[in-house]
Amino acid sequence: MTATADQPLLLTQRRIWIIFAALIAGMLLSSLDQTIVSTAMPTIVGQLGGVEHQAWITTAYLLATTIVMPIYGKFGDVLGRRNLFLIAIALFTIASAACAFAPDFWSFVVFRAIQGLGGGGLMILSQAIIADIVPASERGKYLGPLGGVFALSAIAGPLLGGYFVDHLTWQWAFYINIPIGIAAFAVAWFMLTLPSKKATKPIDWLGVLLLSAATTCLVFFADFGGDTEHGWGALETWMWGIGMLASALLFVLVESRATDPVIPLSLFKNPIFVNATAIGLTLGLGMFAALAFVPTFLQMASGTSAAVSGLLMLPMMVGVFGTSIASGIAITKTGKYKAYPILGIGIVIAAMVMMTTLEASTPIWLICVYLFLFGAGLGFVMQVVVLVVQNAVPATEIGTATSTNNYFREVGASLGVAVFGTIFANRLADSLEEIFAGFGASASEANQAAATLDPQTLNELPQEVRDGIVAAYADSLAPVFWYLLPFLGIAFVLSLFLKQIPLSETAGLVARGEAIGGEEAEALEAAQRGRANGGTTDADLASTGSTPTVGKPRGE
């Protein structure tokens, strides 16, 4: 459903919650997938023979997500967001089915990347639509239901992922997305009522192409540099680096001349946008690299089952949920946001320092404490940074600014997972090969055993071998956290300089003249219901003082 100039969208409270319900359905699809797949990851890479390349599963998804973020953001501003949201759900669901039927590891990586093309849209469009329908000054109270979605995913995902791995097959981690995706598509089709638009300026296709090329080259440059098979001295590594620089320079040149650029360079003249985006970039680099492999550490190094290792991530989600709600409510009441990123990043740094001490013998309860603190810190930062960016730009650029902010955060995430994930995987592969060789395996046999190791195989090995493998996982991952701390330190310094400005009291659609909101919308809807029932007339409406002001924000 869409609104027209003759029938403008009335943003009543009821309509806002209906649209919000459609967004929650899409976000549940994406968030549940992440928690299920992370729990099943060790089994997937073991059975598909890709333990030494497991970082590619996460890298491929993040790379695809990163590439499409600015596209969804800009096209949403230009064309409207409803149809794009439906496309994202459909793409995510179809790719999930393909992942389940992947015949080998690299096919799985490709399908996972296609899934990321849909996942990027679900993330960006949800955030932009919320800014369209809810003023920044009131957005905090909507963090509760969103937090509830992630909390549900944090509980249900590990349970489902663990059950599938332990009692069925890992393919069920993707089969389950098919009915959920169909349901989310149906909910969005019938409930997501938003204005539809047509492009009035040429679409910046060349900018889209160059941005995609620069992003791809950046991630491959980082991945090749951190891989022992190539390294930072390899010619192919620096070919990717040169490609990244060339694409980035051409992108800036094209954007400076484009009629309607995919990422307007004027955004970078806004100091609040630049500061908040830089926080997202540095925090994303440290955060995602740490989170990508913690379930694997818990499952393999701590000797827990897939289900239990997933549930051990629950304290982190409780931390995110609690502080997201608390900060959201506080920001809505006070209109102040600056203190929360400072506090949150400080807590994340403290938790990361604690995580550098992880060993195979570290008690489970202590690991849960570390994860709770890590999540609590993130909850104070992630949603607040997006709110700050959306509040600092004109209503016509909400989608573009939201996607650009997320893009640079995901660039950091892609770099972090590619570089530090490769360091972890290489250290692990070398340690595992040494262990198997030490117990009499030939070089080729040791390499094959390391590549196909999964939790089920681990449990079948002799105790002495199992102890060596557990120690290898712990020794390979814990030191990586030290490499992440400098980037979190930069994020903390940046947060100190984040400027406080008043929060907008007008929703994006209303500010752009595409909808009517507040008391005026409530009165108009009541009048429409009255006319439908033969009660209220236009004269009655006029007597209330609620004359339609189509195309103008409330208060103008």
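Which residues of α19 are buried? They are Val465, Ile469, Val470, Ala472, Tyr473, Ala474, Ser476 and Leu477, where buried means under 20% relative accessible area, exposed over 50%, and partly exposed in between (1.4 Å probe, protein chains only).

## Basis of the model

This is a predicted model, in which local features need pLDDT of at least 70 and side-chain atom pairs count only at pLDDT 80 or more, while totals for chains, interfaces and linings use all residues. Residues are numbered from 1 along each chain as its sequence is written, and side-chain values use heavy atoms, with hydrogens and water left out.

## Overall architecture

The chain contains 23 helices and 2 strands; these are DSSP runs numbered from the N terminus, with helices (H or I) of at least four residues and strands (E) of at least two. Of its 556 residues, 57% count as buried. The accessible surface of the chain comes to about 21,800 Å², and 67% of this belongs to carbon and sulfur atoms; areas come from the Shrake-Rupley method with a 1.4 Å probe, and for residues only the protein chains shown count as cover.

Among contacts in the chain with a separation of 6 or more, 84% are accounted for by residues 24 or more positions apart. A contact means heavy atoms within 4.5 Å.

## Helix α19

Helix α19 covers residues 463-477. Its 15 residues should span 21 Å at 1.5 Å a residue, and its end C-alpha atoms are 22 Å apart, which agrees. The expected span is 1.5 Å times one less than the number of residues.

## The salt bridge

The structure holds 1 salt bridge, defined as a side-chain nitrogen of Lys or Arg within 4 Å of a carboxyl oxygen of Asp or Glu. Lys74 pairs with Asp260, the closest N and O atoms being 2.7 Å apart. The pair links distant parts of the chain, 186 residues apart: Lys74 lies in helix α2 (residues 55-79), and Asp260 in the loop between α9 (235-257) and α10 (271-301). Both Lys74 and Asp260 are buried.

## Surroundings of Asn405

Asn405 belongs to helix α16 (residues 398-438). Its relative accessibility is 3%, so Asn405 counts as buried. Leaving aside neighbours within four places in sequence, Asn405 is in contact with Phe273, Ala276, Thr277, Val385, Val386 and Val389. With Thr277, the Asn405 side chain also makes a side-chain polar contact of 3.4 Å (a pair of N or O atoms within 3.5 Å; within protein, one must be able to donate a hydrogen and the other to accept it, and residues adjacent in sequence count only if both atoms are side-chain atoms).
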